[in-house]
Amino acid sequence: MLDIQRIRQKPEQVRQAMQAKREKDTGLVDQVLETDEQWRKTVYQLDQLRSESNTRAKEIGVLMGKGKKDEAEKVIRETGEMKQKVKQLEEQVRELLGKRDEMLLKIPNIAHPSVPVTEDESGNQVVNTWGTFDEEKTGAFKAHWDLVADGGWIDFERGAKVTSAGFPFYIGPVARLQRALIQFFIDGAVEKGYLEMMAPYFVNEDSARGTGQIPDKEDMMYVVPRDGYFAIPTAEVPVTNFHRDEVLKTDALPIRYVCYTPCWRREAGSHGSEVRGLNRLHQFDKVELVKLVRPDTSYDELDSLRHDAEELLEALELPYRTLLMGTADMGFTQSKKYDLEVWSPGQEKWLEVSSCSNFEDYQARRMMIRHKKEDGKTEMVHTLNGSGLALPRVMAAFLETHQQEDGSVIIPGMLQPWIRTDRLVL
């Protein structure tokens, strides 16, 4: 969440930032400030009353020592009343602080000045492209759902029978290819200095709140009501929460983690060709890259995070483009975000396979992840994450891009040690 001090000092900037992200309830800023003012006044009253109560309490011993028992008992009664009033004010302080912080959770992060202010997705900017594809030949490529049906490699129908739509079975060579891609992504990150982690697949409410999944994306998550858990929509949630409520040493930063997990998303409202095949699943595999860094380095770290994801696509020989997302197409919690999209020759469109984001201190403030600077003072770290990479659409584009006329799919050399073949054959 945003620093309350920032809202106090620049409320109009926060209102404008909310409007840029298409958040209409800018009146929330005034409500936060009003509650904050009430809270501060109540804290002042509480401090004054505590001070007065302590001063009067010291008089009791003096009066008793002088034999002034009646006066001492009067002071005892007065300080007793003060203590009751202190308890009431303490409760008011807790209620006002809880009310203020609950509203703060509903105010989105402020976009970085370099992010274009946009009305819709058309304002997103292409900042990088790699690879080429023959547009005239595009119509000759099969869509991945036809390829996997011909090979018996992915079974969507039986997945729907066993669970529901969006929970497919991967079979035989494509199951091995999926595993090979995961291993390739992890090894690539480890070589760049990321520490591999295996994380829980379910998190509690505090963890979901810490990374900003609630109160914003509740409808997108699967819930285990009996235990109060959420199935993770991304490894970002458990991995970033790993350091919740901790003060890190500055010389420990930057911290970089890579983590593979299955992920679960309800994807409410999706329909049509956007959800066909592997385009949008309810359960999918993803390798996530997470960073905790010093604030003065976070945008350099964002650039390197993006390049780490881009290099994976280049190694897979998948043409891609990188978009700087405008304010209208950014997430609630991000300050700046790049999306990586691969070209799908079978579908003749771009498919998003990674989002690389800087949250500045927005998540860290929710989770109270701080670092101690050289001068002994503490400040919030900056958090970043990116998909390195999400498997379903990478798999879709991979199968379509590397398909041959006979329906087989060529496997690039760096994946062959894991899959033990140079091609998938029908």
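**Exercise 1.** Is Gly152 buried, partly exposed or exposed in this predicted model?

*Solution.* Begin with the position: Gly152 belongs to the loop that joins α5 (144–151) to β2 (154–155). Next, take the relative accessible area, which is 40% for Gly152. Buried means under 20% and exposed means over 50%, with partly exposed in between. Gly152 therefore counts as partly exposed. As a further step, consider a distance: the C-alpha atoms of Gly152 and Gln403 are 15 Å apart, although 251 residues separate the two along the chain.

**Exercise 2.** Determine why Gln347 counts as buried, and describe its surroundings.

*Solution.* First, locate the residue: Gln347 sits in the loop between β12 (336–344) and β13 (349–358). Second, apply the cut-off of under 20% for buried residues. Gln347 counts as buried because its relative accessibility is 14%. Third, list the contacts beyond four places in sequence: Gln347 touches Ala143, His144, Trp145, Asn279 and Glu400. Finally, examine Asn279 again: its side chain makes a polar contact of 2.7 Å with the side chain of Gln347.

**Exercise 3.** Describe how helices α7 and α12 cross, and classify the residues in their contact.

*Solution.* Two packed helices are described by the distance between their axes and the angle between those axes. The axes of α7 (residues 172–191) and α12 (residues 391–401) come within 11 Å, and they cross at roughly 115°. The crossing of α7 and α12 is right-handed. On the α7 side, the contact is made by Val174, Leu177, Gln178, Leu181, Ile182 and Phe185; α12 supplies Leu391, Val394, Met395, Phe398 and Leu399. Sorted by class, the contact of α7 with α12 has ten nonpolar residues, one polar residue and no charged residues.

**Exercise 4.** Identify the residues with the most contacts inside the largest nonpolar core, and state which element gives that core its largest share.

*Solution.* The largest nonpolar core has 52 residues. Those with the most contacts inside this core are Leu177, Phe185, Leu316, Leu415 and Leu424. Its largest share, nine residues, comes from α7. A second, separate core has 17 residues, including Met1, Val14, Ile110 and Tyr362. Return now to Leu177: apart from neighbours within four places in sequence, Leu177 is in contact with Met395, Phe398, Leu399, Ile411, Leu415, Ile419 and Leu424.

Note on methods:
Residues numbered from 1 in each chain as written. Predicted model: local features only at pLDDT ≥ 70, side-chain atom pairs only at ≥ 80, totals over all residues. Heavy atoms only, no water. Axes fitted to C-alpha atoms, helices over the stretch in contact; angles between N-to-C directions. Helix = DSSP H or I, 4+ residues; strand = E, 2+ residues; numbered from the N terminus. Left-handed = near helix turned anticlockwise from the far one by under 90°. Contact = heavy atoms within 4.5 Å. Nonpolar A, V, L, I, M, F, W, Y, C, P; charged D, E, K, R; others polar. Core = buried A, V, L, I, M, F, W, Y, C linked by side-chain atoms within 4.5 Å. Buried < 20%, exposed > 50% of the residue type's maximum accessible area, 1.4 Å probe, protein only. Polar contact = N/O pair within 3.5 Å; in protein donor to acceptor, adjacent residues only side chain to side chain.
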